[in-house]
Amino acid sequence: MKYLYLVWSNLKRKKIRTLLTLLSIMIAFMLFGYLAAIKQGFSQGIDVAGADRLIVRHKVSIIQLLPESYESRLEQIDGVVDAAYQTWFGGIYQKPSNFFAQMPVNPQEYLEMYPEFLLSDEERQAWIKTRSGAIAGRGIAERFGWKVGDRIPINATVWTRKGGERTWEFDLVGIYDGAEKGTDLTQFLFRYDFFDESRQFGQGQVGWYTVRIADPDRAADTAALIDAEFANSPYETKAEPEGAFLQGFANQVGDIGFIMMSIVAAVFFTILLVAGNTMAYAVRERTNELAVLKAIGFTDAAVLGLVLGESLVLTAIGGSIGLSLAWLMVSAGDPTGGSLPVFFIPVKDLVLGAVLIVLMALVAGILPAVQAQRLRIADALRR
């Protein structure tokens, strides 16, 4: 810390060069933070997926339906505690770009299966008692300005009503919050019994099952028992961990994590070259000054630390500003207007950003620092 003034004075020597390098580092870390939030959004709650939950779907495809009667059979399998079904509705609210998940479920079973969905007792009872009742996540409710008591019309794309009617109307009886930050607050959930008796076709069939298991460590064994139970039937199943199921949805548009990290890696490599070049020029321009410092008593280790300190201060300022700007931009909300169910920078990525700041400082400054450390006083003063 006692050499901080000296470090800062050296950085101010070439203000324009330092400023441009600082801006380059800032943009790199701002991009890193923002892409981390986008990656988190595409993961759709994978980080908070229940370790004790499996998803059981049709073996062929998620769009193939399963019998509603499978629920009782699933609950009799060794290792299975409970089962609840869901179906993808895929309707349109006002216009096609208003995309969000809509699913008919059994209210009581669903809320027991997903305790991270927080709903007041009054709203829970209202949903159970109201046949056309529905609940919505806080995020989607705020997006469209919904409030409890509103009547929500949704136009079907697949699940038409008896008689060919496409418009379904639901009474919003509750708005749920999340127990964890990554909880999906963009779902619209309504009663399966109302849906099943009103739809034109497909009665008695559901999209997939969520299964709670007794021992997460035996998830693979329990999944195998489930699939064996329905093997060679007209509706064979594929059971998999909930996280893997959600990741499969995300991967439909590609390996988002790999794409994002490839972009960030390319940007960081370029900025690393810029920062390294800046430090190399800074050391080369101050060869005589560094020799004088050694002559008046600075050790090789002190000179090494001085140059690395400049690199660290420069990178820390640029990286911190970049991450802060990314956090402010992400706090402004989902840029897609609701297509990303969760949108925030995870703490682990902020920690990773801090680690990258230190690594970038070390990598960019190590060669110039070593060069300064090895500098011989007599040779330097002859220049």
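The model is predicted: local features need pLDDT of at least 70, side-chain atom pairs count only at pLDDT 80 or more, and totals for chains, interfaces and linings use all residues. Residues are numbered from 1 along each chain as its sequence is written, and side-chain values use heavy atoms, with hydrogens and water left out.

**First selection: helix H8**

Select residues 219-229, which form helix H8; helices (H or I, at least four residues) and strands (E, at least two) are DSSP runs, numbered from the N terminus. Colour Ala 219, Thr 222, Ala 223 and Ile 226, the buried residues of H8. They lie on the same side of H8, because they cover an arc of only 100 degrees around the axis; the arc is that of the directions from the helix axis to the C-beta atoms. Buried means under 20% relative accessible area, exposed over 50% (1.4 Å probe, protein chains only). Turn to the other side of H8, where Ala 220 and Ala 228 are exposed.

Next, display what covers the buried residues of H8, including strand S1 (53-58), helix H3 (70-74) and strand S12 (237-241).

Select residues 133-137, strand S6. Five of its five residues are buried, so S6 is largely enclosed by the rest of the structure. Gly 133, Ile 135 and Gly 137 are buried on one side, and Ala 134 and Ala 136 on the other.

Leu 189 in S9 is the bridge partner of Ile 135.

Methods
Contact = heavy atoms within 4.5 Å. Pairing = 2+ DSSP bridges.
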